[in-house]
Each structure stands twice: as C-alpha cells, then as structure tokens.
Amino acid sequence: LQQAKPDSMRVNYVGELGFGVTAKDLILGTIGQVGTSGGRGYVVEYAGPPVEALTMEGRMTVCNMSIEWGARAGMIAPDETTFAWFEEVPEEWHDLTTEAGAAFDREENVDASALSPQVTWGTNPGQVAPVTGAVPEPSSESEERALVYMDLEPGRAIEEIELDTVFIGSCTNSRIGDLRAAAEVVKGRKVSAEIRAMVVPGSAQVKIQAEKEGLDEVFREAGFDWRSAGCSMCLGMNPDILQPGERCASTSNRNFEGRQGRGGRTHLVSPQMAAAAAVEGRFVDIRGWER
C-alpha cells in the first residue's frame, strides 16, 4: 500500500535517570508528559545522554512503547552499545546517525532527572503518576471514566493501592535483563499471601538463559509461578486473565479496559516495581524500600 512520508520528531532527554528509575519509567513519563496522541503520525528519534546510557534491552523497551503514544515508529541512533550487541556489524551502520543541525518537524524535551518510578492509574499509558504521588483530579470525561473503571478516587496515594496479581512478562519487559533485575529484588523474599504472581519469559531463548542462571529458582522460592514463554496475561490469554474487579501490577505495555480480562484493572510498572509490589501486596517506592 502506498503511504505518505511521516513527519519526524526528536525527543531530547537531558539529565540522568536516578537510582531505581528505569527505561520503562522513562517512556511512561514521556507519554504522561506528551499524551497518548502526542506522537500520532510521527517517526520518533529518542536522543540524549539518558538514552545513550541505556542498555540495548532498555532501548528496546522505549522503542517498543512508541506506538502507545501514537508514533508510527521509534528509533535510537546506533552507537558502540548497539554494535556490541551484534556479532558482526556492517561498516555502513556507523554512519546511521542524525547529522548535527538536522531539522525535525517537531521536538520535545524531557528531563530524565525529574522522573520517579512511574505507575499508571488509568486506562491508557499516558494516565500515569510518580509512585510517590497520588491519583489526580480528572480533567476530562475520559479521565472520569478511567477512575470509575479503575475504582480509584482522586487524592488516593499510589502507595496505598493494593493488588491481587503481579505479572512480569510481555515483549516490553521480559528480556533477560528485566528478569535479572526483578529476581534481584525478590531474592530472599516471599510473595505476599494475598498476591498471585507469575513470571513469563519473553522468548524461549530468554527462558533457557534464565534457567541456566538459576533465575527460575529465585522466582519459585519467592512464590512466583514460573511459566513458559508467551504472551500470557499481557492480553489475557487462556487461563491467564484477571477476574472482574481484580487489580494487577503489570510490566506490559497496555492498560486498556479489559486488556487482561473483562473488568480487570491494570497498572503498568517496571519489572523492579512489579517485583517489590508482589512482596508488599501494594505499590512501594523501590528507591527507599527496605529489603
């Protein structure tokens, strides 16, 4: 099909991500700032020192969620981190960077240093708040509807939101680095008695690698269900669904109404945040969490 050339946008990140703030928080914070339709029709380049400091897996998480704010595609310029990811790199890849002074149809600026661990409170990825914050007052009809669906009241502290399920999985956040980070959080701890918790590796290759490293045993010892690779609860497949009214901390990319099961309530977070929530039974700020 013939397609028109999309507009271009660059998101310029400044500062640096603080302790406990991840690539998932970076992109959720960006969507919260710009809005879920802010990237509509654009191809987006993510740039700046905070992006350059991300691992390849973190960069994949950011680009994976480009569609969640309407972008047609998301990309990050290749650099030494990119080249180290591959066994062989064509010479021309070294020239695939944006020229100095290049013009974009639009530019957005995001201060990474100002971001905290993020938790969505509504029914799209842009309805998000810092874990240290509270559910905001609705400013639109869609936000009012989201609060009703999520059974939340304005002013409720994010850290007071109790959960039923924790899902660590999806193509957004179940790579080997994500599982290592989550396992480090739960090692030596136990999942709360009120929580159903599961880990679903993002691919068979990831599952094999995680089991070689003993991560599956760390999760099992903590009380997680260790699953085969697949989509699972990301979109409510087979028995992996929420029941009406159940609330889930999920490392996936979408928190739409009914996404994880009819009447289910989804909160998007990073793998570390999800792991800590499984232990506590509610959201906690992992930056000051006493483990």
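Biologist: Before we begin, how are residues numbered, and what pLDDT do local features need?

Modeller: Residues are numbered from 1 along each chain as its sequence is written, and side-chain values use heavy atoms, with hydrogens and water left out. Since this is a predicted model, totals for chains, interfaces and linings use all residues, side-chain atom pairs count only at pLDDT 80 or more, and local features need pLDDT of at least 70.

Biologist: What area do domain 1 and domain 2 bury between them?

Modeller: Buried area is the accessible area (1.4 Å probe) that two parts lose on being put together, summed over both. Of the area buried here, 56% is on carbon and sulfur atoms. The total for domain 1 and domain 2 is about 1600 Å².

Biologist: Which residue forms a salt bridge with Glu-68?

Modeller: A salt bridge is a side-chain nitrogen of Lys or Arg within 4 Å of a carboxyl oxygen of Asp or Glu. The count between domain 1 and domain 2 is 1 salt bridge. For Glu-68, the closest N and O atoms are 2.9 Å apart, and the partner is Arg-254.

Biologist: How many residue pairs are in polar contact between the domains, and which helix gives the largest share of the domain 1 side?

Modeller: A polar contact is a pair of N or O atoms within 3.5 Å; within protein, one must be able to donate a hydrogen and the other to accept it, and residues adjacent in sequence count only if both atoms are side-chain atoms. There are 12 residue pairs in polar contact between domain 1 and domain 2, both residues being at pLDDT 80 or more. Helices (H or I, at least four residues) and strands (E, at least two) are DSSP runs, numbered from the N terminus.

Biologist: Is Asn-255 buried or exposed, and which backbone oxygen does its side chain reach?

Modeller: Buried means under 20% relative accessible area, exposed over 50%, and partly exposed in between (1.4 Å probe, protein chains only). Asn-255 has 0% relative accessibility, so it counts as buried. Its place is the loop between strand E10 (247-250) and strand E11 (265-268), and its side chain has a polar contact of 3.4 Å with that of Thr-120. At 3.2 Å, the side chain of Asn-255 also reaches the backbone oxygen of Asn-124.

Biologist: Why does Glu-141 count as exposed?

Modeller: Glu-141 is in helix H5 (residues 141-150). Glu-141 counts as exposed because its relative accessibility is 68%.

Biologist: What is the phi of Ser-170, and is Ser-170 buried or exposed?

Modeller: Ser-170 sits in the loop between strand E7 (165-168) and helix H6 (176-186). Although Ser-170 is not a glycine, its phi is positive, at about 90°. With a relative accessible area of 4%, Ser-170 is buried.
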